[in-house]
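Me: Hi! I have a structure open and would like to talk through how it holds together. Can you help me read it?
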Amino acid sequence: MREFVVCNGLAIKSDNTKNKIMNRYVFSLLVFLLLSIITSFITNNSFIDKIYPILGIILTLGICFIVEYIFMLMRKEYSIKRICDNNILLVGLILSLFACNSSFLIIIIASLITSISKNLIKYLDIKSSLLGIIIVILFGNISLDSYNSILLLMGNYKIYMSIILSIISYIYLFYNKSIKYLIPLTSIGIYFIIMLLVTLFSGNNLYDIFFLVIRSNIVFLSVFVASDFVNTPISKEGEIIYGILLGLLTSIISMFNVELSMVIGIIIVTLFTNIIDMYSFKLRYNKKFYNILLSIFLVLILIDIPILIHIMK
């Protein structure tokens, strides 16, 4: 007969709701948007250039809300409140940070793809913003200095602000128990360790690691997209597996396209969320399975590093 595992610990009921968690994410993203707008007014000379990011943000959010409303009408859901509860604001804000400095045509296409895929591909949800980001990266003609509005700031510190604000947001969300904190930690950790070893053995400058971290937006995307509550593993063990796989994939893809590495990595790993969930629960009570899985990850990392060293040389 199968034995049931009994948990003798306390069952703590959290007062966190979906809306509270989403509001905290939105609040964190508004800091990025505010910084982008302020920087645009300070660094640009012409009035059009100053207000362009604002117009881009309004256009992105407007299209996302309109498409969401159309789909709700098709489903015969007429409540405006339902639109606000449907994560579309969070999706639109994430996309607008990447798209607001692109041409209006790119913004429209990216916003349409994002909002339509959110309604048609249910497993994506918040991650539907990644499809729009792919369009912006591929066709937005964005340079490193203006890669996206997240990176804009006065002086020599502009390329580091994305990382700093993302870390502050991570701490804020962690303090309010609104983030699956193990996913960013493991994904960034694995990525950084692999790229550090690859850089050392390939003879490249250590600064290249930070250059890759900045251009891949791994910190920002791991905090605001990869760790969403909807389509990520439920258990702590699942979060760790998810993060390790994401770090491995991102490091491999970054050798071919740095800007798309984290974006594509998140989309691929999300496809395996249910499988990760299914096997992760076995880790708690099956040490043999845990050791086998750990061995597999170590082998993957050992295989991954020589390949990346060869590519970088």
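This is a predicted model: local features need pLDDT of at least 70, side-chain atom pairs count only at pLDDT 80 or more; totals for chains, interfaces and linings use all residues.

Me: Ok, and which residues have the most contacts inside the largest nonpolar core?
Reply: Ile133 is one of them, along with Ile94, Phe220, Leu221, Phe224 and Ile266. That core has 67 residues.

Me: How do the axes of α4 and α6 cross?
Reply: They cross at roughly 10 degrees and come within 9 Å of each other. An angle under 35 degrees counts as roughly parallel, so that is how α4 runs relative to α6.

Me: Which residues make that contact?
Reply: On the α4 side you'll find Val91, Ile94, Leu95, Phe98 and Ala99. From α6 come Ser129, Gly132, Ile133 and Val136.

Me: Let me zoom out. How many helices and strands does the protein chain have?
Reply: There are 14 helices and 0 strands. Of its 313 residues, 50% count as buried.

Me: What about contacts with a separation of 6 or more: what share comes from residues 24 or more positions apart?
Reply: Those residues account for 77% of such contacts in the protein chain.

Me: Changing topic: how many salt bridges are there?
Reply: The structure holds 2 salt bridges. In one of them, Glu68 pairs with Lys118, with the closest N and O atoms 3.7 Å apart. Glu68 sits in helix α2 and Lys118 in helix α5, so this pair ties together parts that are 50 residues apart in sequence.

Me: Are Glu68 and Lys118 buried or exposed?
Reply: Both Glu68 and Lys118 are buried.

Me: And which residue does Lys127 meet in a salt bridge?
Reply: Its partner is Asp228, at 2.1 Å from N to O. Lys127 is in the loop between α5 and α6, while Asp228 is in the loop between α10 and α11, so the pair links parts 101 residues apart in sequence.

Me: Why does Asp228 count as buried?
Reply: Buried means under 20% relative accessible area, and Asp228 counts as buried because its relative accessibility is 2%. Lys127 is buried as well, with a relative accessible area of 0%.

Definitions and conventions:
Residues are numbered from 1 along each chain as its sequence is written. Side-chain values use heavy atoms; hydrogens and water are left out. A salt bridge is a side-chain nitrogen of Lys or Arg within 4 Å of a carboxyl oxygen of Asp or Glu. Helices (H or I, at least four residues) and strands (E, at least two) are DSSP runs, numbered from the N terminus. Buried means under 20% relative accessible area, exposed over 50%, partly exposed in between (1.4 Å probe, protein chains only). Contact means heavy atoms within 4.5 Å. A nonpolar core is a set of buried Ala, Val, Leu, Ile, Met, Phe, Trp, Tyr and Cys residues joined through side-chain atoms within 4.5 Å. Axes are lines fitted to C-alpha atoms, for helices over the stretch in contact, and angles run from 0 to 180 degrees between N-to-C directions. Angles under 35 degrees count as roughly parallel, over 145 as roughly antiparallel, 65 to 115 as roughly perpendicular and the rest as oblique.
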